[in-house]
Amino acid sequence: MEYERKLTESIQGIRPSGIRRFFDIVNEMDNVISLSVGEPDFKTPWHVREAGIRSLELGKTWYTPNRGFRELREEICRFLYRRYQLTYDPDTEVVVTVGGSEAIDIALRCLCGAGDEVLIPQPSFVCYEPLTVMAGATPVTIETKAENAFRLTAEELEQAITDRTKLLVLPYPNNPTGAIMERDDLVAIARVIEKHDLMVLSDEIYSELTYGGKNHVSIASIDGMRERTVVINGFSKAYAMTGWRLGYAAAPVPIAEMLTKLHQYCIMSSPTTAQYAAIEALRHGDQDIAGMRSEYDMRRRFVVGTLCDMGLDTFTPEGAFYAFPCIRSTGLSSEAFCTRLLHEKRVALVPGSAFGDSGEGYVRLSYSYSLKHLSEALSLIEAFIREL
């Protein structure tokens, strides 16, 4: 059978994730030190796991409301207000999803369609471009630059807008660069968005992992932006709950209603056990986050200092848990660097090109691993560079 004729051209044309491609190669090799996946090395805090276990022991295994338990939505709203001064109605403006990934997917499908353009700053996480295509819209990338600390500027945004532009994806704190947007940056961006009557999808999954004494600022907190913004967040990164698969979207009522309708048909409801655990995380997890953030901060400084000492120019990340060193001095492409490093030194990184064309000349490494793990990997990277 000619399956190419049966499958949709749009899906066939989407490239597989560059992150997962290296992840799959690593799984087939022995004795590899991997810094390739954004997976916290911390266990989900015990009191959070215990809440999930307790819900199972009590037989609480039924479907939840489509939007998620009201108790959880209330805690999400308290968290958003407590941390970012965002006010949402738990009954009408919050949808609990299967990870932040589902929230991004349904937001793009609700807001965009054929003929629309979606602006995506890059380098950025691998899902935005293909999900835009799956929504029937056209992705338009904006290259962010190291000299601007990989932040999106108002000038870059203005230059990318056309009469077809519908939505801006704002992926900060950023994966893979570790860049953040500060309030002044967002105010300038907001004025351009208002001028052109655009919507914003703000992916804030790393919001709690912001360093240097800086607090995350959501663009939804800027005057005039709440009504234009879908805020995406979740539990995977801040609470080390990747496998629980739980996220959420907060948005104005008309948008939240459409998100709920799409979620209703494609998912129905998020995992029940994970929702009970998330309630506990939001109520009593602030100290857990602080402890993990402090550890990541120490690793961040160690990794950046070591990379710079070995001659790799490395932007100092201010959020998330990734470093994005420039490897152009080696004369290798991102793909060649990572492939050779993997086969010659058994260390796995991700080519910067996996995060868009503007990531070429860089590689991503995650410092969500133990200091011992990082030290061993960095020693081998240094040896690899010396041998080059």
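## Strand S2 and its partner S8

In this predicted model, S2 pairs with strand S8 (residues 247-250) through 4 bridges, and the two run antiparallel. Two of the partners can be named. Thr-97 is bridged to Gly-247 of S8. Val-96 has Tyr-248 of S8 as its bridge partner.

Side chains in a regular strand alternate between the two faces of the sheet. Which residues cover each face of S2? Val-94 and Val-96 lie on one side, Val-95 and Thr-97 lie on the other, and all are buried.

## The seven-stranded sheet

S2 belongs to an open sheet of 7 strands. The order is S2-S8-S7-S6-S5-S3-S4, and the pairing is mixed. Strand S2 (94-97) and strand S4 (138-143) are the edge strands. Each has a single partner strand, so one side of each lacks a neighbour in the sheet. From one strand to the next, the twist averages 20°.

Helix H6 packs on this sheet. It touches S2, strand S3 (117-122), strand S5 (165-170), strand S6 (199-203), strand S7 (229-234) and S8. The direction of H6 makes about 165° with that of S7.

## Helix H6 against helix H10

Two packed helices are described by the angle between their axes and the distance between the axes. For helix H6 (residues 99-111) and helix H10 (residues 253-266), the angle is about 115° and the axes are 9 Å apart. The crossing of H6 past H10 is right-handed.

H6 contributes Glu-102, Ile-106, Ala-107, Arg-109, Cys-110 and Leu-111 to the contact. From H10 come Ile-255, Met-258, Leu-259, Leu-262, His-263 and Cys-266. By class, the residues of this H6 and H10 contact are 9 nonpolar, 1 polar and 2 charged.

## Helix H4 against helix H11

Helix H4 (residues 46-57) and helix H11 (residues 272-284) cross at roughly 145°, and their axes come within 8 Å. This crossing of H4 and H11 is right-handed.

On the H4 side, the contact residues are His-47, Val-48, Ala-51, Gly-52, Ser-55 and Leu-56. They meet Thr-273, Tyr-276, Ala-277, Glu-280, Ala-281 and His-284 in H11. The contact of H4 with H11 divides into 6 nonpolar, 5 polar and 1 charged.

## Salt bridges within helices

Side chains of opposite charge can pair when their charged atoms come close. The whole structure holds 29 salt bridges. One of them joins Arg-78 to Glu-75, with the closest N and O atoms 2.9 Å apart. Both residues lie in helix H5 (residues 70-84), 3 residues apart, about one turn of the helix. Are the two partners buried or exposed? Arg-78 has 44% relative accessibility, so it counts as partly exposed. Glu-75 has 8%, so it counts as buried.

Glu-376 and Lys-372 also form a salt bridge, with the closest N and O atoms 2.7 Å apart. This pair lies in helix H14 (residues 371-387), with 4 residues, about one turn of the helix, between the positions. Glu-376 is partly exposed, with a relative accessible area of 35%. Lys-372, at 60% relative accessibility, counts as exposed.

## A bridge between loops, and a network

Glu-93 pairs with Arg-226 in a salt bridge, the closest N and O atoms being 2.6 Å apart. Why does this pair tie together parts 133 residues apart in sequence? Glu-93 sits in the loop between H5 and S2, and Arg-226 sits in the loop between S6 and S7, so the pair links those two parts. Glu-93 counts as buried at 9% relative accessibility. Arg-226 is partly exposed, with a relative accessible area of 27%.

Other charged residues are joined in a network. Arg-151, Glu-182, Asp-185, Lys-214 and Glu-318 are linked by salt bridges that share partners.

## The three-stranded sheet

An open sheet of 3 strands has the order S9-S12-S11, and its pairing is antiparallel. Strand S9 (322-323) and strand S11 (350-351) stand at the edges. Each has a single partner strand, so one side of each is without a neighbour in the sheet.

S11 and strand S12 (residues 363-366) pair over 2 bridges, in the antiparallel sense. Val-350 has Arg-364 of S12 as its bridge partner.

Key
Residues numbered from 1 in each chain as written. Predicted model: local features only at pLDDT ≥ 70, side-chain atom pairs only at ≥ 80, totals over all residues. Heavy atoms only, no water. Axes fitted to C-alpha atoms, helices over the stretch in contact; angles between N-to-C directions. Left-handed = near helix turned anticlockwise from the far one by under 90°. Contact = heavy atoms within 4.5 Å. Nonpolar A, V, L, I, M, F, W, Y, C, P; charged D, E, K, R; others polar. Pairing = 2+ DSSP bridges. Salt bridge = Lys/Arg side-chain N within 4 Å of Asp/Glu carboxyl O. Buried < 20%, exposed > 50% of the residue type's maximum accessible area, 1.4 Å probe, protein only.
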